[in-house]
Amino acid sequence: MVAGRSIKFEQEEFQRLFNKFVPPLLEYILEGVMGGKNVPKLKTIVPISDLRMVTQLSVLLDALIPDQGETGGPAATTLESATIEAVFISCLCFSLGGPLLEDGRVKFDEYLKQLASTSTVNSDTCKPGELPCSKPTLFDYYFDLENNEWKAWSLAVEPYIHDPERLFTEILVPTVDTTRATWLIEHMIRIRQPIVLVGETGTSKTATVQDVLRGVDRDSNLILDINFSSRTTSLDIQRNLESKC
């Protein structure tokens with residue numbers, strides 16, 4: 001991902017940020033080592049390897065900061081070092097920090113801020129070079145590259161507008177969680193990367209995915225819903241897939 005960038009400045013920045021954040025955070029999550037001291041490991045929702053976490057980080061960075069010449073993002077030459085670092089930190093939350101349980105996210109956030117060594121601002125928005133802290137953790141924010149600022153997810157939640165023509169089963173009232181999940185899903189769809197939502201029952205995973213899929217271009221995409229259970233076999237999946245071909 002780093003070597004493939006066409007701009008040398010970007011290569012250097014990503015390498016610097018990777019060395020600064022990734023090894024110590026992976027040590028903390030997977031080995032329980034923080035600053036050379038042994039501490040409890042952070043628990044994850046599902047087992048995940050260091051390679052998978054780094055892959056997720058690279059995919060998110062490619063989605064948010066496309067290489068120069070690709071469409072869908074700002075030209076790489078316009079990004080300053082502080083902006084690239086802000087996007088990198090935001091991606092760390094949803095790659096290395098994404099699989100963590102809630103209490104682990106709080107500890108991850110504390111260590112991430114410690115590694116960043118950046119001043120904090122008690123606000124829902126702030127510019128690159130600063131980190132917002134009016135919300136509990138950085139998981140409550142995202143970096144808006146278009147406006148070049150950190151924003152609380154609560155500011156991105158659109159008001160619910162009732163559509164009397166929509167079926168009850170298709171109604172999804174926007175919340176911080178659904179807005180955040182939709183944002184991630186749409187970015188993964190745009191760069192053709194697979195994504196899986198993991199969470200407890202009743203957290204709107206299925207409703208969020210279906211809401212996003214209703215908005216995709218049906219001329220270039222086929223939508224196939226498959227319900228899985230303990231009795232689902234590989235042959236069942238094959239038959240479902242072949243029925244769409």
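How do the residues of the lining of the largest pocket divide into nonpolar, polar and charged? There are 20 nonpolar, 10 polar and eight charged residues in that lining. The model is predicted.

**Overall form**
- The C-alpha trace spans about 50 × 40 × 35 Å along its principal axes.
- Of the 245 residues in the protein chain, 35% are buried.
- Among contacts between residues at least 6 apart in sequence, 57% join residues at least 24 apart.

**The largest pocket**
- Five helices each supply at least two lining residues: H2 (50-64), H3 (81-95), H4 (102-116), H6 (176-190) and H7 (205-213).
- Helix H6 gives the most to this lining, with six residues.

**Thr 182 in helix H6**
- Thr 182 has its place in helix H6.
- The relative accessible area of Thr 182 is 17%, so this residue is classed as buried, the cut-off being under 20%.
- Beyond residues up to four places away in sequence, Thr 182 touches Thr 208 and Val 212.

**Phe 21 in helix H1**
- Phe 21 belongs to helix H1, which covers residues 8-31.
- Phe 21 counts as buried because its relative accessibility is 0%.
- Leaving aside neighbours within four places in sequence, Phe 21 is in contact with Glu 85, Phe 88, Ile 89, Leu 92, Leu 112, Leu 115 and Ala 116.
- One of these contacts, Leu 92, is 71 residues from Phe 21 along the chain, yet the two C-alpha atoms are separated by 8.5 Å.

**Helix H2**
- Helix H2 has 15 residues and reaches 21 Å from its first C-alpha to its last, close to the 21 Å expected at 1.5 Å a residue.
- Buried residues in H2 are Met 53, Leu 57, Val 59, Leu 60, Leu 61, Ala 63 and Leu 64.
- An α-helix has 3.6 residues a turn, so residues three or four places apart point the same way.
- The cover over the buried residues of H2 includes H1, H3 and H6.
- H2 also supplies at least two residues of the lining of the largest pocket.

Notes:
Residues are numbered from 1 along each chain as its sequence is written. This is a predicted model: local features need pLDDT of at least 70, side-chain atom pairs count only at pLDDT 80 or more; totals for chains, interfaces and linings use all residues. Side-chain values use heavy atoms; hydrogens and water are left out. Helices (H or I, at least four residues) and strands (E, at least two) are DSSP runs, numbered from the N terminus. Ala, Val, Leu, Ile, Met, Phe, Trp, Tyr, Cys and Pro count as nonpolar, Asp, Glu, Lys and Arg as charged, and the others, Gly among them, as polar. Buried means under 20% relative accessible area, exposed over 50%, partly exposed in between (1.4 Å probe, protein chains only). Contact means heavy atoms within 4.5 Å. The expected span of a helix is 1.5 Å times one less than its number of residues.
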